[in-house]
Amino acid sequence: MAVRFSTVAVLLLVVAGAQGATDPMRTKGRQESATPTSTAASAPAAATTAAPAPAASASTGPSAPTSAGPSAGEEPPSGLSAPDGDCDPDNIGFELITGYVFSAPNDLLDSLPGTLMLTDCLEACQGNDSCQAVNYETGLCVLFSSNADTYPGALSRSQFPVFTIYAQKSCLGVKPCERAWCFDRVQGYQLSGFTRKQTPAASRQECLELCLGEREFPCRSANYHNNTGECSLSDMDRLTVAGSGAFRPAQDTDYLENNCVEEPVKLCEFRKVAGRILKTVDSVYQEVGSADECRELCLNSPYRCHSYDYGDTGELVCRLSHHSRATLADIQDPYLDVPEASTYELSACYNVSVDCRSGDMVARIKTSKLFSGKIYAKGSPNSCVQDVQGSLDFELRMAYDDVECNVKHQGLGRYLNDVVIQHHDTIVTSSDLGLAVTCQYDLTNKSVSNEVDLGVRGEVRPVLTEEVNVDSPNVAMKITDRRGSEVLPAAEVGDPLALRFEILDRHSPYEIFVRELVAMDGVDSSEIVLIDSNGCPTDHFIMGPLYKSVESGKVLLSYFDAFKFPSSEVVQFRALVTPCLPACEPVQCDTEDSSGELRSVQSFGRRRRRRSTSSTAVSSPSAREDLLLVQSIRIMDKFGFDPSKLAGNASESSTVFVSEDGSAAVCVNLAGVVVAGIVFLAAQLAVIAVWTCVWQRRRGSKQRHLDAMDGMSVSVPSMHSGHAGSHSSHGSSHVSRTDSLCKLYDTGYARRF
């Protein structure tokens with residue numbers, strides 16, 4: 001394989017020469033383990049990945065450390081107890097320290113070049129009773145018969161170009177999990193601010209055993225203070241609080257992260273980190289068909305896999321690691337910069353469970369990272385919502401009778417809804433998730449048994465046993481015309497309609513009652529309660545009470561005139577319908593009639609009081625459960641109403657459609673035509689009256705003008721020269737002449753001249 005970058009040539013040397021297939025992880029995908037033909041073949045890898053030992057002046061590899069162990073008389077610290085021959089194999093566990101190399105050449109047991117799996121390296125140590133610790137880097141595994149607790153000075157930081165993983169075997173007092181290792185240890189660091197329990201511990205091993213055995217809460221990590229011996233247990237770790245700054249340096253403190261904790265894995269999100277890959281990984285698989293298959297290998301690994309890369313170190317090569325940026329804060333330069341490469345890091349995982357109860361469904365969410373945001377029913381982000389602030393567990397309760405949560409009833413006993421997990425408080429982003437939750441109830445036929453005891457004592461047994469299958473009622477809600485016969489898909493505001501509730505099986509023994517009938521618009525922003533929780537109409541001018549149909553007691557009708565919301569043409573009706581046996585008792589409702597007086601009416605909106613009988617045992621759970629019915633209709637304004645949506649109901653409506661030459665129909669409302677005609681006639685009469693009045697005034701003015709001309713002796717020039725004192729030839733008085741001149745000016749006579 002051609003190496004694409006020089007700095008990773010040694011890293012890929014073992015991968016390029018891999019031969020033979022193994023499957024140590026027992027998951028899908030194939031891993032090629034390299035087996036060099038000679039010890040010299042592995043020498044470059046061992047030399048390049050070495051870290052300097054504390055007492056050495058030159059760098060040496062993990063397979064050939066120069067430190068001879070502790071000085072004479074050195075007391076080994078209190079740490080993990082090395083397993084002996086009496087340790088139960090089930091109690092053997094490993095503790096990992098990333099970025100450190102153990103140097104004890106006198107205690108070297110074996111060197112396994114070509115090891116591409118950390119799990120293979122740990123299994124080799126577990127199978128060797130003398131092995132107490134290992135050094136691992138991609139392509140090399142070194143086994144030792146001593147450990148860092150015995151020789152603390154032999155453990156030092158690994159050097160460039162790769163980082164080494166040190167693993168120490170111990171015999172635990174608590175049975176660990178079946179994962180490849182139990183704990184990750186970070187020296188000189190602690191997780192601050194999330195302590196759930198604090199207790200003294202004699203050693204680091206006792207502290208991690210306390211975490212493994214914790215039952216009050218899931219212990220994800222612990223801080224062990226070496227000076228004081230305090231052990232602080234927490235239900236958080238570096239990954240759950242990533243980005244919060246809680247993981248920070250602390251002297252004489254060991255951070256212990258539990259790898260046995262159960263994490264959600266049903267729904268996981270990976271985030272792409274472009275331009276870099278890890279220098280050391282836990283597993284290398286070859287001949288992996290796709291990136292999706294590599295992702296599945298990560299999710300099904302025997303450890304908590306948090307990142308993977310695919311096809312960047314070789315064709316069809318998949319590399320997995322339990323590390324990500326959140327767990328590598330203490331490692332110097334853990335990544336190799338490669339512009340064309342990418343690492344996919346686990347962002348968060350979710351487990352979703354649904355609790356189906358008698359009257360509601362509860363969606364419970366568990367996540368691997370602290371979640372702050374909200375969870376809500378899709379379509380009802382403001383009315384059916386639960387705000388979440390910094391939690392790993394949260395839930396949303398959606399009642400079947402809560403119209404706000406928009407739980408859909410599909411078929412018999414099937415309820416479903418869509419739930420949105422939104423990270424931002426206001427907007428929906430690409431990181432948000434949508435979930436479909438469903439509850440399926442078994443409402444199949446129930447067996448009803450009735451045994452009659454005749455009161456005869458002795459060996460005589462009841463001989464009559466009758467078994468009957470009682471079908472659960474299937475109820476439908478329809479919007480029809482006032483007669484309740486024709487279903488209408490659309491109507492016009494003011495059209496006489498009826499809301500029809502019907503048990504489809506006419507032979508069913510049940511009857512029904514209705515309550516909490518609500519009308520909503522099509523955008524979930526406006527609603528009005530039509531029938532309250534008692535079964536009474538809230539406003540009889542909008543919708544009347546529920547009556548039994550004259551044709552059958554299995555049908556309820558409520559009359560109303562079509563109405564709509566200003567924001568939408570769709571009106572959605574939702575109601576709770578409950579079956580009852582043997583009959584439903586109506587409720588008395590006080591309504592206001594047209595005269596303003598209260599009168600009592602009956603409405604079938606209340607459950608019949610249950611009567612217990614000692615002779616009959618009826619098993620009908622479905623009769624006690626409410627049914628949520630939903631129906632919609634399109635209601636148009638009177639202006640611009642589209643007749644094509646009435647589905648042939650023109651004969652029953654007051655609207656007539658006129659079509660010319662097959663062109664688009666023109667909507668003409670008879671009532672509107674009558675009103676428009678009256679207004680037009682009134683306007684015409686008003687115009688005629690005004691014109692007549694004006695004409696009479698003009699005619700009267702002309703007549704007065706002629707009379708004035710006959711009664712004046714004044715000449716026109718004298719009028720223009722301002723001689724207003726002209727004498728009448730008929731001896732008229734001065735007052736008469738003045739009035740005549742005023743009338744003359746009023747008529748506009750002077751302007752005509």
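1. Two strands pair if DSSP finds at least two bridges between them; helices (H or I, at least four residues) and strands (E, at least two) are DSSP runs, numbered from the N terminus. Strand β3 (residues 92-98) pairs with strand β10 (residues 183-191) in the parallel sense over two bridges, and glutamate 95 stands opposite phenylalanine 183 in β10. With strand β9 (residues 165-171), β3 pairs in the antiparallel sense over seven bridges; here isoleucine 97 stands opposite tyrosine 166.

2. On the basis of these remarks: this is a predicted model, in which local features need pLDDT of at least 70, side-chain atom pairs count only at pLDDT 80 or more, and totals for chains, interfaces and linings use all residues. Residues are numbered from 1 along each chain as its sequence is written, and side-chain values use heavy atoms, with hydrogens and water left out.

3. Seven of the seven residues of β3 are buried, so the strand is largely enclosed by the rest of the structure. Buried means under 20% relative accessible area, exposed over 50%, and partly exposed in between (1.4 Å probe, protein chains only). Ile92, Phe94, Leu96 and Thr98 point one way from β3, while Gly93, Glu95 and Ile97 point the other way.

4. Asparagine 223, in strand β12 (residues 221-225), is buried at 5% relative accessibility. The side chain of asparagine 223 reaches the backbone oxygen of leucine 191 at 2.8 Å. Contacts (heavy atoms within 4.5 Å) of asparagine 223, not counting residues up to four places away in sequence, include Gln190, Leu191, Cys207, Glu230 and Ser232.

5. Serine 232 lies in strand β13 (residues 230-234) and is likewise buried, at 5% relative accessibility. Beyond four places in sequence, the residues that serine 232 touches include Thr195, Lys197, Ser221, Asn223 and His225.

6. In helix α5 (residues 291-299), the buried residues are Cys294, Leu297 and Cys298. They cover an arc of only 100 degrees around the axis, which puts them on the same side of α5; the arc is that of the directions from the helix axis to the C-beta atoms. An α-helix has 3.6 residues a turn, so residues three or four places apart point the same way. The cover over the buried residues of α5 includes β15 (267-278), β16 (283-285), β17 (307-310) and β18 (318-321).

7. The whole structure holds 13 aromatic pairs. Rings of Phe, Tyr and Trp (its six-membered ring) pair if their centres lie within 6.5 Å; planes under 30 degrees apart count as stacked, over 60 as edge-to-face and the rest as tilted. Tyrosine 400 and tyrosine 415 are stacked, at 4.1 Å centre to centre and 15 degrees between the planes. This pair links distant parts of the chain, with tyrosine 400 in the loop between β21 (385-399) and β22 (408-409) and tyrosine 415 in strand β23 (residues 414-422), 15 residues apart. Both tyrosines are buried. Phenylalanine 560 and phenylalanine 563 form an edge-to-face pair, 6.1 Å centre to centre with 65 degrees between the planes, and both are buried. Phe102, Phe144 and Tyr166 are linked into a cluster by ring pairs.

8. Two arginines sit over rings (CZ of Arg, or NZ of Lys, within 6 Å of the ring centre and within 35 degrees of the ring normal). The charged end of arginine 196 is 4.5 Å from the centre of the phenylalanine 217 ring. Arginine 276 lies over the face of tyrosine 335, at 4.9 Å from the ring centre.

Note on methods:
Polar contact = N/O pair within 3.5 Å; in protein donor to acceptor, adjacent residues only side chain to side chain.
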